[in-house]
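Here is a friendly walk through one model, with the sequence and coordinates to hand.

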Amino acid sequence: MSTIRARSAASYWLAVPAALWMLGVVVVPIVLLAWVSLWGGRTFSPASPLTFDNYTKFFANKTYLQLALSTVGHTAVLMAVTGVLGYGIAYFLTMKVRSPRWRLVLFLAFVVPFWTSTLIRGIAWVPFLGVNGVINQALIFTGATRSPIEAFLYSRFGISMAQASLYTMMAAGPVVYMLNAIQPALREAAMTLKAPPLVVFWRIVFPLTLPGVVIGQVLVFLNVMADFATVATVGGNKHAMLPNLVLLFYEGSQHRAASVVAVLLMACMLIGVIAALRVVDIRRLGADR
Amino acid sequence: MDALAQAVREAPATARPQLDLELRGIRKRYGGFTAVDGVSLKVPKGRFVCLLGPSGCGKTTTLRCVAGLEDPDDGDILIGGKEATRDPPWERDIAMMFQDFALFPHMTVAKQVGFGLEMLKKPKAAIAERVKQVLASFEIAQLADRKPANLSGGQRQRVALARAMITEPRILLLDEPIGALDYSLRETVMLELKLLQQRTGISFIWVTHDQNEAFSLGDLVVVMNHARIEQQGSPEEILQRPATAFVASFVQGNNVFHGRVVRAGDGLLLVETACGSFLVPGRGPTIGSEVSFSVRAELITDLLADPHLNRLAARCTAVEYFGSLRRHVFERPDGEVMKVDQFGAYAARIVAGQRVELGWRPQDTVLHTGSAE
Amino acid sequence: MKLGWKLRSDIVGWALGTLTVVFLAYQWLPILTLGLLSFAGPTGGTTFPMNGVSLHWYAELWKATVMNDFKPPLVRSSLLAAACALTTIVLSVMSAQAMRGRFRGNNWFFYLMLLGIMAPGILVGFGFAVLMRLLGIELAWNTTTFLVQVSWTLPFGFLTMLAVFNRFDSRVEEAALTLGASRITAFRRITLPLILPGVIGAGLFGFSLSYDEYPRSMFTTGPDQTLPLAIMAQLDRQLTPEIYAIGTTTTAFSLIAVLMCSSALWAMRRSTSARRS
């Protein structure tokens, strides 16, 4: 018993406002986009005939296809980088830092930027990456290079650098949570069963944190796939990912083309999330490998 | 003479009576707190040893030092006669059963039990065969494909035991292994474990705060308090001759007195306490020294006769029943509680509120001689 | 070999520690550089050297023209964030409490909320803008943007409250009910004070996520921009240390909000643990 009766009408009504809000603002617009993406004809109105022309046009364009593929590839690279970085940091913070005070300090230093604007943090990379940027100045100062490297700002590499700093926290957070949930006795039990540390890690610790890894990867996937702001600020107008294409079409008043890209983007994300849920059933933590 | 000692020292381990475990002056500090302070212990082959003591006495830390999960600051650990103080846990000839069993939540029972053999790089088929055998012998064959989340407390205990025993270690370390079980299960499990230990000849080091467990299971009971060993010996020795006031008061059924020796001679001491003067057999202490002694509750009587030279008048405050015993609780003149046990089968002679003259024989009194190694 | 494994474990520790520290530097240096460069002299550019130290760019910010005046967007964003925080608190407590009632279809409800986190902001914003256009509704920062932003902040608050209720010991509610409290009284007098730290956390999510929200607002604000939009517009026009000044200001603003909330949480935890002992 609690302050809410199981399956009571009250519990139902309490959920209604939030449900309506989410339906009206998230579900309806997305369904609408799927519909709009099928509109044919010349005028932008619900009366338009339904057709796959918009999709055919999109897929006929090699540049767009390449863009879609490179978005996926870029996201995969970032997932790998943030995954490895994030796991290492999470492992260090939870397992290697002995002093609780230091652990708190380092953990805060790690997560606090999450609470500040991603946009500003993206912009903050601009003075770093430019031809006269901090990195180039440092490289020239140390003599690593004589002429500044132009490859940082307005490049894929620069975008990746900025995004790695933005999203590693998302890969690490769920892992920290899962690592904290592992009883120390489990690792000790494995050790007394003749498992050396590396084997303890692969056979006990890693499988038990796997749901955290997957959730973190999903978060990074979703965020990088949808991140057009960092691409725009750090990449300038020279680089685009799928979401930038949405923006581009929108600004050109090509709503139907924008909808096509939006639908494709949403499809990518659903596939990604569903695939992740297949690999690890998040609701049933700690399943055997 | 020196040459002989040298020869004995250098003789191969097998030539001497072999010890499964030897601790020499183990010390472990955490910051300013001393968890284990100079613990020494010899465990001959195939013994059932119980480390008994209140929580925080250092018994679990001692066990974890043996397992290699803690590094002692000082002292030596010899397992099977071999120096192992700095060996990592996975290179020690031990296995351990943890308090909450520490089953791997992501592995099935079969995988779990086979884990130790897998680590020893045994061939797959051999592991499967052995796991099957062990599961059958622990009567958990039907659970082979289950995960720990779907097991009852008793089943988990068996899985944990099977997992630890399958590698046939020299020593099995058990940290409060039945503390997580229902009371109704404990008796049976204790009996099974005792039989298992006797059958396999593996030394068990069993940590507990429950003296019933310690006295019914242990060949050797080691009583610890404040990071030190207070007394070690057979259950009988500890019950009949507690070496310190702590052991006497920790073990049920002792009445402990503190006092000063006022007269000594003929193997008898006269000790003056806050409850009067009593005769205590003993030779060591000199006149004026502070001593403590105890007398077991069942050796005190209200049916006084000539041999009952130690006498004490007290008021009975309560009468309680413990199994076949009837315990009379008295208030001593010094305010402490005094317990007098009688067989419940005999009719009660004392009722609560009654003032009674009690007595016991001097030879039933045990002088505490300090920690005896 | 005997000490080898300890040494190896230490080496792993040091390696991971170095990685962590290097990453923290990597993460913080741009933010700190941004802050530093915002104090550049009047002739300072967007990178080093700073050409002196001054408050010039903050002064520029303050006496800005209509074109790049950040004050109205700042006010708008703050008001919007406060409204989102309040709405998030109310709706997330309601819906998490509803989940405890395990109403029919609560699974679907849960996934509906998750969808709010999952769906890219740019799609939600774009789709909602198209919807408003078809319905003929005017876009404005305090109507449409508010609606869209709550769909972003609410799921975070909801998950926070779910986590809080997961750890909540409902026996204290049962105790209140057996003492004759009605369900509503028990919720108000017992449940609410106990979940208050979580409520503050949900509010913090609401405020901070709304304050920094960009992709959803981009499509739905209409003529009066919110702060992130104004910053982005300024960035498109020209890159001057003024951007750094506004960036530093809003980052400081976010950090202060986090600091205040966490110290409130800390004080609350301390007072409850003090009461307990």
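## Strands, cores and contacts

In this predicted model, strand 14 (residues 290-296) of chain B pairs with strand 19 of chain B in the antiparallel sense, over 3 bridges. Within that pairing, B:Ser294 stands opposite B:Val366 in strand 19 of chain B.

Both strands belong to an open sheet of 5 strands in chain B, with the order 13-12-11-14-19 and antiparallel pairing. Which strands form the edges? They are strand 13 (276-281) and strand 19 (365-367) of chain B, each of which pairs on one side only. From one strand to the next, the twist averages 45°.

Now to the nonpolar cores. The largest has 223 residues, and A:Val261, B:Val222 and C:Phe126 are the members that touch the most others in it. Helix 10 (residues 197-226) of chain A is the element that gives the most to this core, with 14 residues.

B:Val222 is worth a click in your viewer. Leaving aside its neighbours within four places in sequence, B:Val222 is in contact with B:Leu41, B:Val49, B:Cys50, B:Leu51, B:Leu52, B:Ile229 and B:Gln232. There is also a second, separate core of 21 residues, which includes B:Val261, B:Val271, B:Ile300 and B:Cys316.

Next, the domains. Chain B is divided into domain 1 (19-240) and domain 2 (245-367). Taken over C-alpha atoms, the centres of these two domains of chain B are separated by 38 Å. Their contact takes 7 residues from domain 1 of chain B and 5 residues from domain 2 of chain B. On the domain 1 side, the elements that give two or more residues are strand 9 (220-225), strand 10 (228-233) and helix 8 (235-240) of chain B.

Finally, the chains. How many residues of chain A are in contact with chain C? The contact involves 77 residues of chain A and 76 residues of chain C. On the chain A side, helix 1 (residues 9-36) of chain A provides the largest share, 18 residues.

The table sets out two of these contact sides by residue class.

| Side | Nonpolar | Polar | Charged |
|---|---|---|---|
| Domain 1 of chain B, touching domain 2 of chain B | 3 residues | 3 residues | 1 residue |

Notes: Residues numbered from 1 in each chain as written. Chains lettered and ligands numbered in written order. Predicted model: local features only at pLDDT ≥ 70, side-chain atom pairs only at ≥ 80, totals over all residues. Domains from an automatic or database assignment. Contact = placed C-beta atoms within 7 Å. Helix = DSSP H or I, 4+ residues; strand = E, 2+ residues; numbered from the N terminus. Nonpolar A, V, L, I, M, F, W, Y, C, P; charged D, E, K, R; others polar. Core = buried A, V, L, I, M, F, W, Y, C linked by C-beta atoms within 7 Å. Buried ≥ 20, exposed ≤ 12 C-beta atoms within 10 Å, placed from the backbone. Pairing = 2+ DSSP bridges. Axes fitted to C-alpha atoms, helices over the stretch in contact; angles between N-to-C directions.
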